[in-house]
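Here is a note on the model shown below. Please read it with the structure open, and check each point against it.

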Amino acid sequence: MAVFWRLLGFLRPYRRGVIASAVLAALAMGATVLLPYLIGTAIDETTAGSADTHNANAWTDHKGYLTFVAIMIVITAMLRLALTVARRLVAGRVSLGVEVDLRQRLYDHLQSLELGFFDRQQTGQLMSRATVDLQSVRFFLGYGLIFIMQSALTIVLAAVAMFFVDPGLAAIALAPVPVVIVIAWRYGRRARPAQQEVQQRIAELTADAEENVSGVRVIKAFAREQVQLHRFRQSVARVFEQAMIATRVQAFYTPAIGFLPNLGLAAILLFGGLSVIRGSLSIGDFSAFYTYLLMLISPMRTLGYMLGTAQRATASGRRVFQILDRPTAMPVPEDAPPLPEGAGRVELRGVTLRYQGTTQPALRDVSLVVEAGTTVALVGPTASGKTTLVSLIPRLYDPTSGSVLVDGADVRTVEPRSLRRQIALVTDDPFLFSASVHENIAYAKPDATRDEVVAAARRAQAHAFVTELPDGYDTMIGERGLTVSGGQRQRLAIARAILADPRILILDDATSSVDASTEQQIKRALAEVMRGRTTFVIAHRLSTITLADEVVVLERGQITARGTHDELLEQSALYREIVEKGLPDQVFLNRAPTEAVGL
Amino acid sequence: MRQEILRRLRATRGRGRKVRGMAVLLRPYRGRVIAMFAALLVATAATLAPPPLAKLAIDDGITPGDETVLYWTVAAFLASALILWGATWLQTYLVGWVGQRALQDLRIEVFGHLQRMSIGFYSRRRSGVLISRLTNDVEALDQLVSDGVVTLFQSTLTVIGTIVILFWLDAELAALTMLAVPLLLLGSLGFRIASADAYRITRERIALITAYLQETLSGVRVVRAFGREARHLKQFAKLNDDNRAANMKTVNLNAAYFPAVELLSALVTVAILLYGGYQAINGQVTVGVLVAFITALNTFFDPIQQLSQLYPTYQSGMAALDKIFELLDEQPDLVDAPDAVELGRLRGEIAFEDVAFRYAGQDQWALCDTDLRVPPGQTVALVGATGAGKSTLAKLVARFYDPDQGRVLVDGHDLRTVTSQSLRSQMGIVPQEAFLFSGTVRENIVFGKPEATLTEVHEAAAAVGADGFITELEDGYDTEVGERGVQLSAGQRQLIAFARALIADPRILVLDEATSNVDIHTEGQIERGLRRLLAGRTAIVIAHRLSTIRQAGRIVVLEHGHVVEQGTHDELIAAEGAYFRLYRDWAEQAAA
């Protein structure tokens, strides 16, 4: 129920719209009540006219009044038309407004949540909440709420009128109402969790679909289409099963809600009829009473049905609030200052990080000072903590203990955007957006001119292949556009990082998919870019490692050795192994002694 | 203007396609569909019963003071209410069952269709838009099914019944009333024309939102790393607002349509009152008939109003169905030929005969005049600059694309003449990025061979040197890897991809820069595994680290889509051509 009220709370900014649509609805109802009265007047007049059998001019006599009533009916109907049109426009605007607000709130909040949250969430689950769930909220706020209000009002008014006519009969007629309320309440209690589970399973199905569409290349490569289809069938079957549980609840309760008012009608026919026969009630009062009771039937049914819609909206609302209520595990203090001026000195003080849901820490008690403007290479086996270490610098994760300082400021105390603007990260599997090449390179600096973009692309050795693309820098790439190879993507990502002009540059295996000749060219450019910046390099190739002023060897989340290339050759067995395995064929070098080797 | 109207009219057509499509969906559940209509019929009849029964009670029971008649009619009244209860229960259940079944079947059909589409199709579409077809559009239909079917059926039946009653009461007045019908139809047609684009656009806008969500949530690391949240918020706000605008347009149209139907009903009532009043006063009709007629008019217009209330939901559902069928009607471009051969166990001979290929929408050839023959069991290394066509060549072997010219043959069979299932199930492909699915490590390894035993899984993992880190994970082989394997490091994902390829025991292996993310230390470990993996299989290896490549039986050098050199390492070094230059560059780097 709390969720329900909270959903209604989102109507607050549209108070005026809500009030206006309620007033308009009430006025339209007034017009609706007026119409039968006017029609009744017209019929009375006709009855009087037809009783006037001896008057040859009966029609002429009664024509005037009849026409007057007819005009009144048309005017009332026109009025009702205007009121309803206005009401629908206002209500539509309000419900769409709430949907847009909620969706934007959700997206805002997602952008403020820490990365760790996304590691454990499926994209499809989040997508489902921002689309399917919000639509059922809108559907309810747009149509359901007004119907519930109208129905409730009709029921109350008709009930009051009935008590005026005959309190005793009214009590009998309205006896089922408390039962209806109890049943409706129980219906809600059972339907809400069932409906919520339906929405959850739809979200699971969305996640399933998302993954299958994104991973279609692997599925095709392994000829797994049939198996994946079978698995999707199971997801679909899960939705069906749960939808049927919800349907069974609905099938059990709604007809009962529809049946009870009929019981009231039968009681009135019987007891009211007997009273008339025995003379304690006039036939006129009985007819009026009966008419009022008939007025109750349809709103009762609407109410029962709309309760279902309300349940669905509440279930969806709860799922949306689950996300909105999740506090960010990476809070930023109020009025956090921007990152202080500096040249990019990075310090890790006793940093330990354990990812949620794992027992082994990814980093343990790592302390490291990297002076501004120097280049550090991180070396170590798979999963030794290299990527984790560099993720801490732009505060993509917070350490479990210890602290990370950039230019003397703890990254937890500064405004994150000002920090991240000063850091550029290039990963081994860079993500490009569905946009033009230009927009992708200018991602960190959207107002960059074409010349700046071209200059960055040239340094990243991307200019040559970009100019060969169908529309050059305006070629659409990413999902909907051209597929670019892994090596090309990495070069675009390097160009993107160069254009960001950061204090700190992080290259996480950034050239792994680039061929050797191109890499050599990139490296020359990088050597130039690195000047004056603090650079972290994660690489598997010795040639890249030797660009560094210092090498840090990581094993199982700990620094086991650090020093210059020569120092480490003596100190670290692991480093020696890496160097040996990476060295080129000695035969080749011996064979071509005249070739200049080395940078 | 006229052409615009005609275009819009045409845009709302395709009703035949929709009806046929729905009939196909419902056919398997014929029995239940018939039962559903029976329940609807009984429920409608039971809904219509109370008013005449009440009239009977008043006219024949209460007014003449006959208690027996009163008792009997009340009993009949209660009976009809009970029948209504039962029929509604059945109807709710059956409509839910049939509707949900059909919708879920539709989902499966769309999904199955997507699985049949080629890789080329996916590179033209945004995945979010495809997902929207499976989710948002099916939801729009769900709304129509759960709210619409009952109303549609009951209202239509009631309208037809009432028309009969109206004619029975007074044919002349009824004929007058029927003058409203063409007006109604004309109004609905006008509404359809006016709203033809509006509903389609709402479907497209929500798909755009879905696609944007999908992309920015998948790329959330980049967004964060560059601190660009504000920009995405702004862009999302715009899409969100566009969606609002599109929906607002439908709200505006609805706001005009439904009340207009109400107005029409009032106008018809006025006409009947005036004309009927004239006749009554002149004695041509009794007042009783006129009153009955006016009352019946209400029962005539009520369901029509309900139908017009439903019309927007209907339109929205139909627009969604249009979008879904549009996707289903798109022919997969790489289907098995009708007489496609089931490949037996492959020896693994690969041949390219004068192959040329370019990606859709590109002028440049990705591969050109390519002739290549790989004997069974040989390892061929593809070498060349980025964009030289190495991956393209590998993709053609797996028949992700068909060549524009020439043929690709495996064991002498043109790939276009064999079933893709029998081909790909004998191929192991380890791509550049190891895409893992959410699930456990084990589930990911057995991806290509779901029936593999736990021992096989351990063996495969051990062979590629992955068992070490896997056993150290929280739950070992049952550790959840997260979406895309996000809980693992890039190198770990790659090792699992190796194990995944190995366990499928392929005859042809394609390693597309598969070792670039693995550090040298680990690469040493998997080298032994790789050797085992390659033994007795044909392999195509793409790598930038030429140390991996030296052992290959043959090295093929590609430049701008052409094969420029091929031979063994020693031969190519001796030739001092393109390979020699590449190798020198690499050696310089590695030595530096």
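**Notes on the predicted model**

1. In chain A, 52% of the 599 residues are buried; a residue is buried if 20 or more other C-beta atoms, placed from the backbone, lie within 10 Å of its own, exposed if 12 or fewer, and partly exposed in between. This is a predicted model, in which local features need pLDDT of at least 70, side-chain atom pairs count only at pLDDT 80 or more, and totals for chains, interfaces and linings use all residues. Residues are numbered from 1 along each chain as its sequence is written, while chains are lettered from A and ligands numbered from 1 in the order in which they are written.

2. Chain A contains 21 helices and 12 strands. These are DSSP runs numbered from the N terminus: helices are H or I with at least four residues, strands are E with at least two. The radius of gyration of chain A is 37 Å, well over the 25 Å from the globule rule for 599 residues, so the chain is more spread out than a compact globule. That radius is taken over C-alpha atoms, and the rule is 2.2 Å times the number of residues to the power 0.38. Along the principal axes, the C-alpha atoms of chain A fill a box of roughly 135 × 55 × 50 Å.

3. How many residues of chain B are in contact with chain A? There are 154 of them, and they touch 154 residues of chain A; contact means that the C-beta atoms, placed from the backbone, lie within 7 Å. Helix α11 (residues 229-281) of chain B gives the largest share of chain B's side, 30 residues. That side divides into 75 nonpolar, 52 polar and 27 charged residues. Here Ala, Val, Leu, Ile, Met, Phe, Trp, Tyr, Cys and Pro count as nonpolar, Asp, Glu, Lys and Arg as charged, and the others, Gly among them, as polar.

4. The 53 residues of α11(B) should span 78 Å at 1.5 Å a residue, and the end C-alpha atoms are 77 Å apart, which agrees. The expected span is 1.5 Å times one less than the number of residues. After α11(B) comes Gly283(B), with a positive phi near 80 degrees.

5. Chain A has an open sheet of 6 strands in the order β6-β9-β10-β3-β11-β12, with mixed pairing; two strands pair if DSSP finds at least two bridges between them. At the edges are β6 (423-426) and β12 (558-563) of chain A, each pairing on one side only. Within this chain, strands β9 (residues 504-508) and β10 (residues 534-538) run parallel and are joined by 5 bridges. Asp508(A) stands opposite Ile538(A) in β10(A).

6. In chain B, strand β9 (residues 554-559) runs parallel to strand β3 (residues 379-383), with 4 bridges. β9(B) also pairs with strand β10 (residues 562-567) of chain B, in the antiparallel sense, over 5 bridges. β9(B) and β10(B) form a hairpin with 2 residues between them, and His560(B) in the turn has a positive phi of about 50 degrees.

7. Arg395(A) is not a glycine, yet has a positive phi of about 55 degrees. The residue lies in the loop between α11 (386-392) and β4 (401-406) of chain A. Is Arg395(A) buried or exposed? Arg395(A) counts as buried because it has 25 C-beta neighbours inside 10 Å.

8. Arg399(B), also a residue other than glycine, has a positive phi near 55 degrees. Arg399(B) sits in the loop between α13 (390-397) and β4 (405-410) of chain B. With 22 C-beta neighbours inside 10 Å, Arg399(B) counts as buried.

Key: Two residues are in contact if their C-beta atoms, placed from the backbone, lie within 7 Å.
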